[in-house]
Amino acid sequence: MKAVIFDMFETLVSLFHGRTYFSEDIAKDLGIPEEEFRTAWHATEYARTIGQYTMEEGVSLSLKAIGRYSEEAVRLVVEKRLAALTDTFQSIPEETFALLTELRQRGLYVGLISNCFSDECALMQASPLYQYFDTTKLSYEQGIAKPEQTIFFRAIDELGIEPEDCLYVGDGGSGELEAATAIGMKAVQAQWFRKGFYEPHVPCPVKTEFAQAQHWQDVLKYL
C-alpha cells in the first residue's frame with residue numbers, strides 16, 4: 001500500500017463524544033414533534049452535504065417547511081450544533097494521532113474523504129488532524145458526496161496513485177466501503193467507536209464482508 005484514506009466521523013473522531021446534538025435534541029429544544037422535524041431536516045440533508053446550503057440556510061429551510069421558523073430558533077440550533085462539534089474535535093483520541101503519525105513515519109500518503117456540512121467542514125479544517133493529510137476531499141467543498149465514486153478518484157488522482165495502492169478506512173456509513181471496493185481499493189471497517197453508538201444514529205451495521213479493525217492499530221495489519 002502507498003496510501004491510507006480515512007473517513008472522518010466515527011473513524012478518526014466521534015460525534016458521540018462529549019455533548020451530542022442530534023435531530024431529537026433539536027426537536028425537543030424547539031418544542032416540535034420529533035418525526036415532523038426529522039422529516040424536514042432529512043429533506044435538506046443531501047443539499048447541505050454537497051454545499052448547496054450552509055447550516056444556517058438548511059436549518060431555516062427545514063423550519064420554514066413545517067411552519068416553525070424564527071431567527072431565534074435558527075440561532076439556537078446553529079450554536080448548539082457548534083458546541084457539540086467543538087466537543088468532538090476537542091476529544092480526538094490519542095490513538096487517532098498515534099495511527100496517523102505511524103503512517104506518516106512509514107512514508108505512506110494519508111488522505112481524508114468526508115461527507116460534511118458547513119459547520120463540520122470548518123471545524124475539520126481548523127482541527128490539529130488536518131496537518132496529517134496529503135489530500136482532503138470534503139463533500140461540502142467538492143459538490144459531490146460518498147458513495148459517488150468521483151470523490152474517491154479525485155483523492156487518489158491528487159496523490160498520483162492507483163486504487164489498488166490505497167487502503168480505505170471508515171465506519172461504513174454512506175456506502176463508502178462498497179464504493180471504495182468498487183473502484184479497486186481495499187476497504188476496512190473501523191469498529192473502535194461502535195460501543196458508543198445508539199439508535200437511531202448508528203451509522204452502519206457491522207459488515208462482515210469487509211476487513212475489520214477493532215482498534216486503531218489494527219489498520220496496520222492491512223497495509
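I looked up Asp7 and Lys146 first: they form a salt bridge, with the closest N and O atoms 2.9 Å apart. I count a salt bridge when a side-chain nitrogen of Lys or Arg is within 4 Å of a carboxyl oxygen of Asp or Glu. The pair links distant parts of the chain, 139 residues apart. Asp7 is in the loop between β1 and α1 (23-30), and Lys146 is in the loop between α8 (139-142) and α9. Helices (H or I, at least four residues) and strands (E, at least two) are DSSP runs, numbered from the N terminus. Both Asp7 and Lys146 are buried. Buried means under 20% relative accessible area, exposed over 50%, partly exposed in between (1.4 Å probe, protein chains only).

This is a predicted model: local features need pLDDT of at least 70, side-chain atom pairs pLDDT 80 or more, while totals for chains, interfaces and linings use all residues. Residues are numbered from 1 along each chain as its sequence is written, and side-chain values use heavy atoms, without hydrogens and water.

Next I checked Lys2 and Asp165, whose side chains meet in a salt bridge at 3.9 Å, N to O. Lys2 lies before β1 (3-6) and Asp165 between α9 (149-159) and β4 (166-170), so the pair ties together parts 163 residues apart in sequence. Lys2 is partly exposed at 48% relative accessible area; Asp165 counts as buried at 19%.

I then took Glu102 and Arg106, a salt bridge at 2.8 Å between the closest N and O atoms. Glu102 is partly exposed at 24%, and Arg106 is partly exposed at 46%. Salt bridges with shared partners join Glu24, Glu34, Glu35 and Arg38 into one network. I noted 15 salt bridges in total.
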